[in-house]
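Dear colleague,

Please find below the structure that I am handing over to you.

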Amino acid sequence: MILFLVIEHDIFFFLLAYYNDIVVGAVCCRIDQTEDARRLYIMTLGCLAPYRRLGIGRLIEKHLHLLFANILSEACRCVPSIYSIQRR
């Protein structure tokens with residue numbers, strides 16, 4: 001089971017992915033705003049080597065899309081979610 005923790009600081013977002021109470025992945029991103037658009041800029045994204053190939057990076061990306069969509073719609077900034085994955 002993957003649990004995400006989102007830490008928001010101004011325009012920066014830090015997302016931690018927990019697997020069995022261990023931080024196994026993280027992403028740091030920010031929102032770039034120009035005159036006509038807002039963009040999500042992913043500065044870093046990583047996953048610990050033993051936990052790669054489990055789809056954790058894909059889940060992080062999926063969660064970021066949900067989070068950014070909510071920010072654009074001016075809705076809640078945090079999207080709590082828990083995903084279940086199968087270990088191979």
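The notes below set out what was found, from the overall fold to single residues.

This is a predicted model, in which local features need pLDDT of at least 70 and side-chain atom pairs count only at pLDDT 80 or more, while totals for chains, interfaces and linings use all residues. Residues are numbered from 1 along each chain as its sequence is written, and side-chain values use heavy atoms, with hydrogens and water left out.

Overall fold

The protein has one helix and five strands, arranged from the N terminus as β-β-β-β-α-β. Helices (H or I, at least four residues) and strands (E, at least two) are DSSP runs, numbered from the N terminus. Of the 88 residues, 33% count as buried; buried means under 20% relative accessible area, exposed over 50%, and partly exposed in between (1.4 Å probe, protein chains only). The protein exposes about 5,900 Å², of which carbon and sulfur atoms supply 55%. These accessible areas come from the Shrake-Rupley method with a 1.4 Å probe, and for residues only the protein chains shown count as cover. Among contacts (heavy atoms within 4.5 Å) with a separation of 6 or more, 42% are between residues 24 or more positions apart.

Strand S2 and its partners

Strand S2 covers residues 12-19. Two strands are taken to pair if DSSP finds at least two bridges between them. S2 runs antiparallel to strand S1 (residues 2-9), with eight bridges joining them, and it is also antiparallel to strand S3 (residues 22-33), again over eight bridges. On the S3 side, Phe14 stands opposite Cys28.

In a regular strand the side chains alternate between the two faces of the sheet. The covered face of S2 holds Phe13, Leu15, Ala17 and Tyr19, and the uncovered face holds Phe12, Phe14, Leu16 and Tyr18. Phe14 is partly exposed, at 31% relative accessible area. Together with Leu5 and Ile7, Phe14 makes a nonpolar surface patch of about 230 Å². Patches are made of residues with over 30% relative accessible area and no salt bridge, with like charges joined within 9 Å and nonpolar side chains (Val, Leu, Ile, Met, Phe, Trp, Tyr) within 5 Å. A salt bridge here is a side-chain nitrogen of Lys or Arg within 4 Å of a carboxyl oxygen of Asp or Glu.

Positive phi values

Most residues other than glycine have a negative phi, and most peptide bonds are trans. In the hairpin of S1 and S2, with two residues between the strands, Asp10 takes a positive phi near 60 degrees. The hairpin of S2 and S3 also has two residues between its strands, and there Asn20 has a positive phi near 55 degrees. Asn20 is exposed, at 57% relative accessibility. Arg53, with a positive phi near 70 degrees, lies in the loop between strand S4 (38-47) and helix H1 (56-72). Arg53 is exposed as well, at 71%.

Cysteines

The structure holds zero disulfides, a disulfide being a pair of cysteine sulfur atoms within 2.5 Å. The cysteine sulfur closest to that of Cys28 belongs to Cys29 and is 6.6 Å away, so it is too far for a bond. Cys28 counts as buried at 15% relative accessibility, and Cys47 counts as buried at 16%.

With kind regards
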